Amino acid sequence: MTHGIDTDFLVAVEIRDHPFHAQADALLAGLLSNGHDLAVAPQTLAEFIHIVTDGKRMPRPLGVVEAIQRANHWWQAAEVVRVFPNGEATTDFLSWLQRHNLGRKHLLDTLLAATFLRAGIHRIITNNERDYRVFGVFEIVGYNV
């Protein structure tokens with residue numbers, strides 16, 4: 001089964017001093033050992049680079065070069081399915097923003113959700129359940145337990 005990954009999971013896996021690193025790493029290892037794939041969209045990688053290089057968000061931010069290298073590692077990984085927003089995803093994105101009265105803080109998650117849906121992915125790994133539950137089409141896999 002393919003699991004879409006939200007940026008928060010990618011950050012938790014890659015940043016060793018993240019509060020949920022151990023849980024995210026264990027979930028990742030379990031999924032991979034059971035033959036699951038992970039879906040990654042370009043917008044997730046862009047958001048990852050933005051977050052992990054931000055000194056206001058990270059106690060020890062990564063340099064841009066290292067952040068890009070880590071993002072590229074994920075993009076090239078054999079276990080990763082690359083997904084892209086298409087016309088239908090864009091239509092869903094705009095429709096969901098309006099239907100659910102979502103504001104600017106929900107733009108990236110809504111586009112990611114629409115991208116996953118149109119790629120046939122119905123399971124998302126995230127600790128931001130409420131960002132995706134609103135759409136009513138995803139199973140949420142959390143890792144902060």
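Ala, Val, Leu, Ile, Met, Phe, Trp, Tyr, Cys and Pro count as nonpolar, Asp, Glu, Lys and Arg as charged, and the others, Gly among them, as polar. Keep that in mind for the exercises below.

The model is predicted, so local features need pLDDT of at least 70 and side-chain atom pairs pLDDT 80 or more, while totals for chains, interfaces and linings use all residues. Residues are numbered from 1 along each chain as its sequence is written, and side-chain values use heavy atoms, leaving out hydrogens and water.

**Exercise 1.** Describe the largest pocket by its volume and the classes of its lining.

*Solution.*
- Step 1: The volume of the largest pocket is about 470 Å³.
- Step 2: Its lining has seven nonpolar, five polar and eight charged residues.

**Exercise 2.** How do the axes of helix H3 and helix H4 cross, and which residues make the contact?

*Solution.*
- Step 1: Find H3 at residues 42–52 and H4 at residues 64–76. Helices are DSSP runs (H or I, at least four residues), numbered from the N terminus.
- Step 2: The two axes come within 9 Å and cross at roughly 155 degrees. Axes are lines fitted to C-alpha atoms, for helices over the stretch in contact, with angles from 0 to 180 degrees between N-to-C directions.
- Step 3: H3 and H4 are therefore roughly antiparallel to each other. Angles over 145 degrees count as roughly antiparallel, under 35 as roughly parallel, 65 to 115 as roughly perpendicular and the rest as oblique.
- Step 4: On the H3 side, Pro42, Leu45, Phe48, Ile49 and Val52 make the contact; H4 brings Ala67, Ile68, Arg70, Ala71, Trp74 and Trp75. Contact means heavy atoms within 4.5 Å.
- Step 5: Sorted by class, this contact has ten nonpolar, no polar and one charged residues.

**Exercise 3.** Work out how helix H5 is placed against H6.

*Solution.*
- Step 1: The axes of H5 (residues 87–99) and H6 come within 8 Å, crossing at roughly 135 degrees.
- Step 2: That makes H5 oblique to H6.
- Step 3: Residues in the contact include Phe93 and Trp96 of H5, and Leu107 and Leu111 of H6.
- Step 4: The contact residues divide into nine nonpolar, two polar and three charged.

**Exercise 4.** At what angle do H3 and H6 pack, and which residues touch?

*Solution.*
- Step 1: The angle is about 150 degrees, and the axes are 10 Å apart.
- Step 2: That makes H3 roughly antiparallel to H6.
- Step 3: Gln43, Thr44 and Glu47 of H3 meet Leu108, Leu111, Leu112 and Thr115 of H6.
- Step 4: This contact has three nonpolar, three polar and one charged residues.

How values were computed
Helix = DSSP H or I, 4+ residues; strand = E, 2+ residues; numbered from the N terminus. 1 Å grid on protein atoms, 1.4 Å probe; cavity = no way out; pocket = protein on both sides within 12 Å on 5 of 7 lines; lining within 4 Å. Points joined across faces, edges and corners; volume = space filled by probe spheres on them.
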